[in-house]
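Student: Hi! Could we go through this protein together?
Tutor: Happy to, let's have a look.
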Amino acid sequence: MKNIILSAKDIDKICRKIAHQLDNDLKKETHIPVVVGIMKGSINFMMDLTRYMKTNIYTDYIQISSYNGTATTGKVTLKKDLTFNVTGRTVVLIEDIIDTGISMNFLIQFLHDHCHPKRIILVTLLDKVCTRKVDVKIDYCGKVLKNNAFVLGYGLDYNEFGRNFPYVCALTPKEIKEIDKRTDKQIVNYMQTIKKKHRH
């Protein structure tokens, strides 16, 4: 992990900044807005972000899937629908990363067609513009990624591994191969070695 994309301090600054921007954006709402986390990757970001918000909110989660390992399949599947009625309310969608835009385009269209929100505000921690295939309007973004690196940590995973890292880093193809060929115990030892080399 030679490349730390966002340190824990960077992430905290982003959460504080976007929380303030959302408070200003939402202050004229007549109905309590609903903050919706896109599972599983956005949970860390959503929790830290909303902790700094002063606006009264409802929360809910939705889950879609299009990835297998490091690659998108191009086919989007809805795995968990909303449980809260967002009809007529502003929905703040929280995402960890937007890359091709295919999944987000699917989700936004689904919400408009089936849930009828007043409006949708899209927030993402990372925007990988270099891989965009479908235009998506992002309202608030933590950091734009100009290179097509596979990122891990702070909710972002590789086959469910690494979500609990307190920072976001880029995995090299060599590191991904090393993880693939190891057992659970070996993966933990390998990642501990890498962390020590790049500890902030």
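Student: Leaving aside neighbours within four places in sequence, which residues is Thr-90 in contact with?
Tutor: Thr-90 is in contact with Leu-26, Glu-29, Pro-33, Val-34, Lys-118, Arg-119 and Ile-121. Contact here means heavy atoms within 4.5 Å. This is a predicted model, where local features need pLDDT of at least 70, side-chain atom pairs count only at pLDDT 80 or more, and totals for chains, interfaces and linings use all residues. Residues are numbered from 1 along each chain as its sequence is written, and side-chain values use heavy atoms, leaving out hydrogens and water.

Student: Which side chain makes a polar contact of 2.9 Å with the side chain of Thr-90?
Tutor: That is the side chain of Glu-29. The side chain of Arg-119 also joins that of Thr-90 in a polar contact, at 3.3 Å. A polar contact is a pair of N or O atoms within 3.5 Å; within protein, one must be able to donate a hydrogen and the other to accept it, and residues adjacent in sequence count only if both atoms are side-chain atoms.

Student: Is Thr-90 buried or exposed?
Tutor: Thr-90 counts as buried because its relative accessibility is 0%. Buried means under 20% relative accessible area, with a 1.4 Å probe and protein chains only.

Student: New topic: how many helices and strands are in the protein chain?
Tutor: The protein chain has five helices and nine strands. Helices (H or I, at least four residues) and strands (E, at least two) are DSSP runs, numbered from the N terminus. Thr-90 lies in strand 5, which covers residues 90–98.

Notes. Buried < 20%, exposed > 50% of the residue type's maximum accessible area, 1.4 Å probe, protein only.
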